[in-house]
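This briefing covers a set of local features, grouped by topic. Please read it alongside the sequence and the coordinates.

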Amino acid sequence: MYDDIVEMAGESPSWLQASGVLFTDAGMLIFAALMVWVLWRSRTSPTRIAVSLLMPTAAAIAYVISEGAKSVIREDRPCRGLVTLVDCPPVGDWSFPSNHSTVAAAAAVGLALAWRRLAPWVLPLALLMGFSRVFVGAHYPHDVLAGLVLGSVTAWLVFRYLKGPATGIARRLTAHAGDAPTQPMPRVRPRGDSKGPLLPPRR
């Protein structure tokens, strides 16, 4: 399957090749921009901000797990000795699972859980980004599939087990901020009256 996809990529029109090369990295920027937008959209609600912060948290955790798996499994890249759309990464930059696919899936699932209306857009975007990693020759299909599963499961677990605590912390912090005592305005005497009753200050 890898050979068929890479061969198809080599025979594709130049504009499609350029689009594949651009999207394989630009997809990360798209997901990052969407996360920032969702955070900005949630800025008026501390609880929503807390939940939205789980998106980059899930992506970061998924990336760390993916890197750990790479260092243990140590699968070499499929592009060694082949002409592909992008330069083959150096030896030691292992292939399984795909970091791009892992982070894309974690970001997409996180965005979908934070704001469900984004699901029809971000989930296909993650699949397309995963396919682009095979299209440009950087990964085997099973590298991408493993990355998509790893990222999706990680994001789901993060939201499943950290959403409640994050929301609770945000609510407690908000409640404490609202209960902060305010300093009363000092009372003053009327001008020229040193013995008169104290009056509240004019606002």
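R77 counts as buried, at 7% relative accessibility; buried means under 20% relative accessible area, exposed over 50% and partly exposed in between, with a 1.4 Å probe and protein chains only. R77 forms a salt bridge with D93, and the closest N and O atoms are 2.9 Å apart. The model is predicted, so local features need pLDDT of at least 70 and side-chain atom pairs count only at pLDDT 80 or more, while totals for chains, interfaces and linings use all residues. Residues are numbered from 1 along each chain as its sequence is written, and side-chain values use heavy atoms, with hydrogens and water left out.

**Salt bridges**

- The count comes to two salt bridges, each defined as a side-chain nitrogen of Lys or Arg within 4 Å of a carboxyl oxygen of Asp or Glu.
- D93 is partly exposed, with a relative accessible area of 31%.
- The other pair is D76 and R80, whose side chains meet at 3.1 Å, N to O.
- D76 is partly exposed at 34% relative accessible area, and R80 is partly exposed at 28%.

- Helices (H or I, at least four residues) are DSSP runs, as are strands (E, at least two), and they are numbered from the N terminus.
- R74 is found in the loop between α4 and α5, and its phi is near 55°, a positive value in a residue other than glycine.
- P97 has its place in the loop between α4 (54-73) and α5.
- A cis peptide bond joins F96 and P97, with omega at about -5°.

**Packing of α5 and α6**

- Helix α5 (residues 99-114) packs with helix α6 (residues 119-135) at an angle of about 180°, and their axes are 8 Å apart.
- That makes α5 roughly antiparallel to α6; angles under 35 degrees count as roughly parallel, over 145 as roughly antiparallel, 65 to 115 as roughly perpendicular and the rest as oblique.
- Axes are lines fitted to C-alpha atoms, for helices over the stretch in contact, and angles run from 0 to 180 degrees between N-to-C directions.
- Residues of α5 including H100, A104, A108 and L111 meet residues of α6 including V122, A126, M129 and R133, where contact means heavy atoms within 4.5 Å.
- The residues of this contact divide into 11 nonpolar, three polar and one charged.

**Nonpolar cores**

- The largest nonpolar core has 29 residues, of which F31, M35, V38, M55, L111, L118 and V122 touch the most other members.
- A nonpolar core is a set of buried Ala, Val, Leu, Ile, Met, Phe, Trp, Tyr and Cys residues joined through side-chain atoms within 4.5 Å.
- The elements that give two or more residues to this core are α2 (14-41), α4, α5, α6 and α7 (141-178), and α5 gives the largest share, eight residues.
- V122 touches F31, L34, A108, L111 and A112, not counting residues up to four places away in sequence.
- Apart from this core lies another, of eight residues, among them I5, C79, A105 and V134.

**A155 in α7**

- A155 is found in helix α7 and is buried, with a relative accessible area of 0%.
- The C-alpha atoms of A155 and G110 are separated by 5.7 Å, although the two residues are 45 residues apart along the chain.
- A155 touches A58, A106, V109, G110 and L113, not counting residues up to four places away in sequence.

Methods
Nonpolar A, V, L, I, M, F, W, Y, C, P; charged D, E, K, R; others polar.
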